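Hi,

Here is the structure I promised to pass on.

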Amino acid sequence: MSSFYIWPEMPFLSIAVLVAASMVFLYLARAPLHLALDSLNDGIAGGLERTAAWIKSVVVKMQEKNRKVLLESNIAESEQKIAQEFKRVEASYTKHLADYPALHLKLDENITSIDADFKECGQVIPEAPGWNDAVESIASIKGTASGDRVIEKMLKELHKSAVDGEKMALSEMQKTSSKRHKILSSLAPIWKKILKLMTEVDTKVSLVLETSGKIEKYMQDYEKVRQGGEDSIDMLSSKATKLFIFSIIVITVAGFGAFVNFQLIALPMSELVPAGTRVLGMHVSDISALVIVTLEVVLGIFLMEALAVTNIFPQIAGLTIGKRRMLLYAALLGLFFLASVEAALAVLREHIAATNAATTQALAGNVETTAGTEGSKITVIGQATLGFVLPWILAMVAVPLEMLIESSQHVLSKLIILIIKLVGYLVGIIGHLLNTIMKTIIHIYDAYIIIPTQIGNLFKSKSEPAHSGS
Amino acid sequence: MIIKRKMVSILLIASVVFFSGCSDNKEYETAICALADISGTYAKEKKSMVKIIQAGIVPKLVPGDSLVLMSIDSNSFNEENIKGKLKLDYRPSQANQQKLKFAKALDDFAEKKASAKYTDISGAMMLCSSHLKSTQAGTQIMFIFSDMKEELKAGIKRSFNKDEFKNINIAAMNVIKLNEDSTNPQVFRNRIKKWEKRVLKHSAKSWNASLDPTEIGDYIDKNR
């Protein structure tokens with residue numbers, strides 16, 4: 001510092017002279033230095049502000065794109081749902097209403113049968129044989145009242161015959177009535193059958209109507225999404241976030257399941273697969289176990305695709321029902337095979353563990369017997385069951401996996417937007433701070449040269465009246 | 001077509017990366033060498049020494065590991081001093097059978113009456129070191145069952161190379177105290193200290209002379 005002093009023996013005077021000289025210099029260089037500082041401010045703070053503005057515009061664009069993607073994907077999803085429901089309606093119509101003509105025919109037959117029976121039992125009161133007219137005619141013959149014994153006898157006979165005839169007619173009527181009652185009673189089961197058929201028709205029609213109702217609901221949702229209002233965007237965004245969180249939870253749990261599964265088969269795999277080499281630091285047997293676990297997940301994905309529960313591969317969705325069924329059976333067969341293999345490996349694992357324990361005991365001199373000590377059967381059964389069940393549980397992971405893939409697109413871009421937004425804010429704040437600092441520096445600069453400035457102003461004010469006077 | 005070509009290229013690169021990651025297991029294996037002193041007073045410890053190896057070292061070996069038993073006698077730098085070798089198969093069932101077979105070999109060794117007048121510890125260590133190096137195992141451990149008092153026969157010379165024990169963890173096990181040690185513990189301490197300096201000077205990875213037989217398993221795991 002002392003090397004800067006003009007008079008090293010008089011530091012205060014030296015400093016005062018240096019300050020005064022710098023003041024004069026800065027006063028004289030005021031205009032260009034102001035310009036330089038302003039340019040620097042424009043360059044840095046202005047640049048940062050522009051960057052912040054650019055980031056903001058990028059965020060807006062990304063938000064718009066994200067919004068569009070969300071809308072489009074949901075529109076596609078709604079369309080798919082509606083198409084699926086239409087397919088279901090078609091299937092429902094084919095399944096339930098295909099029987100309708102046969103049902104109708106049955107109904108017709110039953111009604112015709114009822115009609116015929118009904119006609120048959122139409123009640124016609126049987127009349128007494130035509131004696132009454134004959135009796136009346138005979139009664140009007142002259143001499144019937146004269147007490148002619150022949151006529152009287154004849155009349156008595158006639159009367160007797162008429163009474164017999166009436167009785168016969170009555171008996172005939174009773175017989176006919178009983179027959180009709182029988183016919184009518186035989187109608188009851190037919191009525192019941194018709195009632196049953198009608199209930200069946202009602203159920204099937206209700207099923208069809210229910211599916212149609214679903215379509216209506218989906219159509220309403222579709223309309224809402226298509227309109228793309230803020231409410232529906234918020235709703236879709238929250239739905240996607242919720243799906244993302246749930247699927248993450250489920251997949252994490254499934255990950256632990258896969259880990260348990262892997263641990264269950266890794267040891268016995270070393271008995272089957274040569275473990276002499278490693279790939280990326282892992283035993284080949286461990287990789288084989290990992291491949292089995294992964295294959296289970298893959299087969300699960302195909303199973304769910306074939307069942308139309310998920311829609312990851314459009315090619316599978318486009319397959320005919322017959323081909324899908326084939327794929328379903330193939331996936332089921334594969335899963336069953338892997339589950340059986342795992343169950344066997346789990347049993348082998350228990351055997352190896354028991355042998356290891358027996359060997360260690362034998363080496364420690366605790367038991368004289370060598371390897372092959374039988375372990376608990378419960379443990380073996382438990383491990384085998386676990387080995388058989390875990391692949392089926394892992395196969396279900398296809399559903400949350402699809403959910404995760406679908407929702408992650410939106411959630412991740414939302415996260416990226418948030419980060420970019422944050423960076424934009426930070427850049428804006430830094431720009432503002434730099435701008436303020438530069439202005440403050442200029443003010444401090446002006447304050448530092450206040451004495452020469454004031455003197456300069458004084459000279460200016462003196463010279464100005466002189467100029468104005470002249 | 002271009003996309004297909006790109007896909008094929010990516011697949012090829014991925015396969016190359018995957019298979020270039022293939023390596024043999026040697027760097028993950030553990031090779032152990034147990035030196036058994038059968039000379040002088042330590043010969044009485046043979047049975048307890050074998051018990052420690054059977055119960056402490058053998059159960060800790062995993063498929064792929066190896067164990068070799070060498071005896072320390074008057075002239076230990078001799079292939080005849082190798083009393084048993086074990087290289088575990090990668091199949092656990094085979095490995096267990098091998099362990100049991102080796103345990104029997106150890107029992108036979110314990111039963112044999114063999115003794116030596118001199119104690120050539122350095123020769124045994126050199127033989128053990130060259131054996132361990134030949135295994136190329138990632139972890140190499142040398143257990144010395146001895147009183148650590150070396151007595152070389154006249155004419156026998158032993159000097160270690162600079163990197164004689166490079167990457168080898170050395171542990172002196174079951175070091176019994178001799179009569180002179182009981183009289184003056186400093187003699188024992190100095191002897192052990194001298195060995196420590198000697199092995200560390202010749203690039204040993206670690207030295208341990210206070211290992212309890214029950215801690216062998218943990219010691220192997222720690223160094224693995």
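This is a predicted model: local features need pLDDT of at least 70, side-chain atom pairs count only at pLDDT 80 or more; totals for chains, interfaces and linings use all residues.

Residues are numbered from 1 along each chain as its sequence is written, while chains are lettered from A and ligands numbered from 1 in the order in which they are written.

**Helix pair in chain A**

Helices here are DSSP runs of H or I with at least four residues, strands are runs of E with at least two, and both are numbered from the N terminus. In chain A, the axes of α9 (residues 321-364) and α10 (residues 377-395) come within 8 Å and cross at roughly 150 degrees. Axes are lines fitted to C-alpha atoms, for helices over the stretch in contact, with angles from 0 to 180 degrees between N-to-C directions. α9(A) and α10(A) are therefore roughly antiparallel to each other; that label is for angles over 145 degrees, with under 35 as roughly parallel, 65 to 115 as roughly perpendicular and the rest as oblique.

Contact means C-beta atoms, placed from the backbone, within 7 Å. On the α9(A) side the contact residues include A:Leu335, A:Leu338 and A:Arg349, and on the α10(A) side they include A:Phe388, A:Pro391 and A:Trp392. The residues of this contact divide into 15 nonpolar, 4 polar and 3 charged. For those classes, Ala, Val, Leu, Ile, Met, Phe, Trp, Tyr, Cys and Pro are nonpolar, Asp, Glu, Lys and Arg are charged, and the others, Gly among them, are polar.

**Sheet in chain B**

Chain B has an open sheet of 6 strands in the order β4-β3-β2-β5-β6-β7, with mixed pairing. Two strands pair if DSSP finds at least two bridges between them. The edge strands are β4 (82-87) and β7 (206-211) of chain B, and the twist averages 15 degrees from one strand to the next.

β5 (residues 139-145) of chain B pairs with β6 (residues 168-173) of chain B in the parallel sense over 6 bridges; B:Gln140 has B:Ile168 as its bridge partner there. β2(B) also runs parallel to β5(B), joined by 7 bridges, and B:Ile32 stands opposite B:Ile141.

How many residues of β5(B) are buried? The count is 7 of 7, where buried means 20 or more other C-beta atoms within 10 Å of the residue's own, exposed means 12 or fewer, and partly exposed is in between, with C-beta atoms placed from the backbone. B:Thr139, B:Ile141, B:Phe143 and B:Phe145 point one way, and B:Gln140, B:Met142 and B:Ile144 the other.

**One residue in chain A**

A:His34 is in helix α2 (residues 30-97) of chain A. With 13 C-beta neighbours inside 10 Å, A:His34 counts as partly exposed. A:Tyr445 is 411 residues from A:His34 in sequence, but 9.0 Å away in space, C-alpha to C-alpha.

**Where the chains meet**

The contact takes 21 residues from chain A and 21 residues from chain B. On the chain A side, α9(A) gives the largest share, 8 residues.

Cheers

How values were computed
Two residues are in contact if their C-beta atoms, placed from the backbone, lie within 7 Å.
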